[in-house]
Amino acid sequence: MAETIDIVKLGGVKEGERKKPRSKEKRLEIACQNPKERIHNYNEVALGYSPEEAVTESMRCLECPKPRCMVACPVHIDIPTFIGLISRGKFHEAAEDIRKYNALPAVCGRVCPQENLCEAACIINDTNAHNPIAIGRLERFSADYHLLHSEGERAAQNKPSTGYKVCVIGSGPSGLSCAADLAKMGHKVDLFEALHKPGGVMMYGIPEFRLPKAIVQKEVNYVRSLGVNIECNVVVGRTLPVKDVLEGYEAVYVASGAGYPNMMGIPGENLNGVYSANEFLTRVNLMQAWNEGTAGTPVRKPRRCVVVGAGFTAFDVVRIALRLGAEEARIVYRRSREEMPGRGEEIEHAEEEGAIITVLTNPVNYLGDENGFVRAAVVQKMELGEPDSSGRRRPIPVKGSEYEIPCDTVVVSIGQTPNVLIPSNMPGLATKWGSIIKANRETYMTTVPKVFAGGDAITGAATVILATRAGREAARSMDAYLRDPARAWYSPA
Amino acid sequence: MYPITSKRTLAKGVIEMTVQAPRVAAHHKPGQFVIVMNDEHGERIPLTIADSDAKKGEITLVFLEVGKTTIQLGEDFNAGDALFAVVGPLGTPTHVEKFGTVVVIGGGLGVAPIYPICKGLKEAGNRVVAVVGYRSKDLMFWHDRIASVSDEVLVTTDDGSFGMKGFVTDGLEKLRDGGLKMDRIIAIGPPVMMRAVSEKTKDWGVSTWVSLNTIMIDGTGMCGGCRVHIGGETKFVCVDGPDFDAHKVDWGEMFARMKGYAKEERMAIEADHKCKLALEALRR
């Protein structure tokens with residue numbers, strides 16, 4: 001698609017002129033779909049900047065010589081440079097520059113918790129409180145602009161082929177990032193995905209209204225365009241034995257994520273209508289159950305839905321429940337609002353959409369009807385005691401405070417742990433708590449020679465950006481290993 | 001894509017299909033299953049692998065046209081077409097070793113998945129006695145194939161139109177009355193049949209194993225939709241099973257969970273049916 005960018009008209013900096021940053025101005029808010037409308041659709045809630053808005057916001061950036069934002073960014077994107085390129089109307093170049101550091105800018109621009117990372121570090125906070133540069137929105141803008149106008153294919157050539165064959169297991173953010181970097185370094189990369197679509201948690205977990213699946217697939221296409229061979233429907237440990245992987249490749253990166261749902265183990269948890277967050281999200285996101293016209297996979301439409309937990313996932317679930325037509329969708333959380341791990345913006349969006357948040361409350365069992373379908377959650381009130389090992393105050397049950405919350409759907413959203421399939425099929429692979437793979441946090445090497453691991457598989461469920469960082473750092477370490485496997489500096493985990 | 005190389009109807013509503021899936025065929029062990037998707041928007045459904053040929057890179061699936069997806073698979077897919085996804089082999093393989101005498105029971109559609117199990121047990125040096133049961137003679141299939149990998153086969157039909165009249169449990173009882181010493185029993189078939197076998201053998205002191213076919217999505221331990229209590233502990237059928245000690249299965253819960261989507265399934269089949277009628281009307 002041909003396009004012309006008139007940077008003067010957009011309010012940016014002309015070629016050869018100096019930028020006069022307007023850092024005293026307020027940060028430009030992003031347009032969002034109206035809550036009353038958006039609970040009837042699955043379209044994106046945050047609408048993204050127009051070119052004019054992006055340039056306006058970019059003009060607030062000081063382009064600091066010692067950027068704190070860059071230090072705070074887990075993958076150290078050269079933030080002042082890409083924002084400077086936006087100010088000068090070079091939108092494609094901005095996206096390409098980000099891609100040097102992050103293979104998934106359109107994803108990270110949307111789902112990264114920037115308010116705790118780059119934007120928290122922005123120097124403008126010091127003089128113009130609560131008005132850091134909207135770095136995430138600008139990242140999203142340039143990435144989207146590039147994908148819209150270019151098919152999102154690579155600009156730079158890979159390094160000459162090294163002749164090494166490497167294998168990446170799992171096509172989530174960590175696997176894709178690692179595969180992209182390894183391919184750029186000149187290695188031949190095979191990437192295996194267990195599900196029928198690549199993208200991992202970005203496909204099955206994060207909902208359409210926060211991260212459109214078409215965007216994810218474009219990012220995947222970018223990784224493919226680097227020469228990465230992605231094969232779906234391959235469950236390593238089953239479809240492809242671990243032994244074959246170890247024999248067939250010179251290095252292996254395990255990025256199998258944290259896809260095993262935690263349940264509470266309380267009575268009634270196996271009643272119909274009680275879901276793990278993974279099942280509920282997979283039905284709706286990956287299998288597109290929201291799209292009744294075409295999808296073959298059903299999801300029960302909740303009327304009264306109880307969501308247990310208050311992390312990212314719980315808020316995604318409660319917002320989906322509202323979109324499926326729930327009359328009442330309630331978060332039940334055992335601690336208080338202050339301890340909720342969910343992101344500020346998500347909590348705000350969920351409440352705007354009508355989600356109810358019941359804190360200091362925890363389910364003790366579920367009651368079913370005569371057909372085995374859940375009809376109520378029995379919950380008890382909690383109070384906060386002394387801080388526990390996580391530093392958060394420990395919730396303590398209040399005796400005799402039990403009561404029933406009538407519901408026809410319960411979604412248990414209390415976290416995920418890594419799948420045991422690979423650890424249990426790879427002799428010598430050390431794990432902790434049964435399924436979390438032990439890997440050196442600098443080299444990402446595991447206790448099995450030539451096997452590296454990163455992302456949620458070594459940390460338990462975390463964020464897209466941390467998984468991305470692990471993928472990039474592991475790629476660098478694997479590259480060094482391939483070139484000099486006898487070197488001793490990478491002590492295993 | 002996974003090309004379909006052959007398709008034939010074994011009995012009313014029972015379809016046998018061979019599909020090219022080389023990686024699956026190469027690593028398949030008795031008792032394992034695949035997840036199949038007809039097309040990009042289809043459901044992911046679990047089907048037990050009834051046979052495999054590593055050389056040809058083919059697996060054999062036998063299914064009953066019973067739900068929206070299996071009806072579509074049976075009606076709209078033929079040799080020469082391709083399936084969008086075939087993932088596997090999934091699940092923990094059936095435990096095969098030399099037990100002595102093993103009675104392997106297959107009821108209805110369950111006759112197909114016992115084929116690789118009988119074969120594996122026989123190869124491991126067991127005396128394999130198969131009991132295969134059908135509703136009536138016209139629904140029979142594969143009993144000859146089972147015979148080729150067993151030492152003895154007893155066929156039962158509910159209506160007595162072939163073999164022994166009665167259920168597989170009656171056949172099992174007959175074997176016991178005849179003095180057969182059983183070291184292990186494996187039963188695959190409709191849940192009611194598996195529960196009946198389990199109840200019968202509970203007091204016999206014979207280790208009895210069943211293969212559960214619950215609702216699942218990914219088949220790799222991700223969704224937990226297949227969970228069921230086994231001996232008081234929640235297990236995932238897709239990774240911990242599908243084979244479980246029959247005497248430890250919470251059958252009541254298992255039955256209730258099987259019906260979790262009955263309403264949605266019925267609506268989907270009706271909607272499909274209406275679509276087809278409308279299309280036919282249009283064509284006319």
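Colleague: Which residues does Tyr253(A) touch, not counting residues up to four places away in sequence?

Modeller: First, a caveat: this is a predicted model, where local features need pLDDT of at least 70, side-chain atom pairs count only at pLDDT 80 or more, and totals for chains, interfaces and linings use all residues. Residues are numbered from 1 along each chain as its sequence is written, while chains are lettered from A and ligands numbered from 1 in the order in which they are written. Contact here means C-beta atoms, placed from the backbone, within 7 Å. On that basis, the partners of Tyr253(A) are Val168(A), Ile169(A), Gly175(A), Cys178(A), Phe452(A), Ala453(A), Gly454(A), Ala474(A) and Met478(A).

Colleague: Why is His143(B) called partly exposed?

Modeller: A residue is buried if 20 or more other C-beta atoms lie within 10 Å of its own, exposed if 12 or fewer, and partly exposed in between, with C-beta atoms placed from the backbone. His143(B) sits in helix H4 (residues 143-147) of chain B and is in contact with Val132(B), Val153(B) and Val155(B), leaving aside neighbours within four places in sequence. His143(B) counts as partly exposed because its number of other C-beta atoms within 10 Å is 19.

Colleague: How many residues of helix H14 of chain A are buried?

Modeller: Helix H14 spans residues 277-286 of chain A and is mostly covered. What covers its buried residues includes helix H15 (312-323) and strand E14 (409-412) of chain A. The count of buried residues is ten of ten.

Colleague: Last one: which element supplies the largest share of the side of chain B that touches chain A?

Modeller: The contact takes 35 residues from chain B and 33 residues from chain A. Helix H2 (68-76), strand E7 (85-90) and helix H9 (262-283) of chain B are among the elements that each supply at least two residues of chain B's side. The largest share, six residues, comes from E7(B).

Conventions: Two residues are in contact if their C-beta atoms, placed from the backbone, lie within 7 Å. Helices (H or I, at least four residues) and strands (E, at least two) are DSSP runs, numbered from the N terminus.
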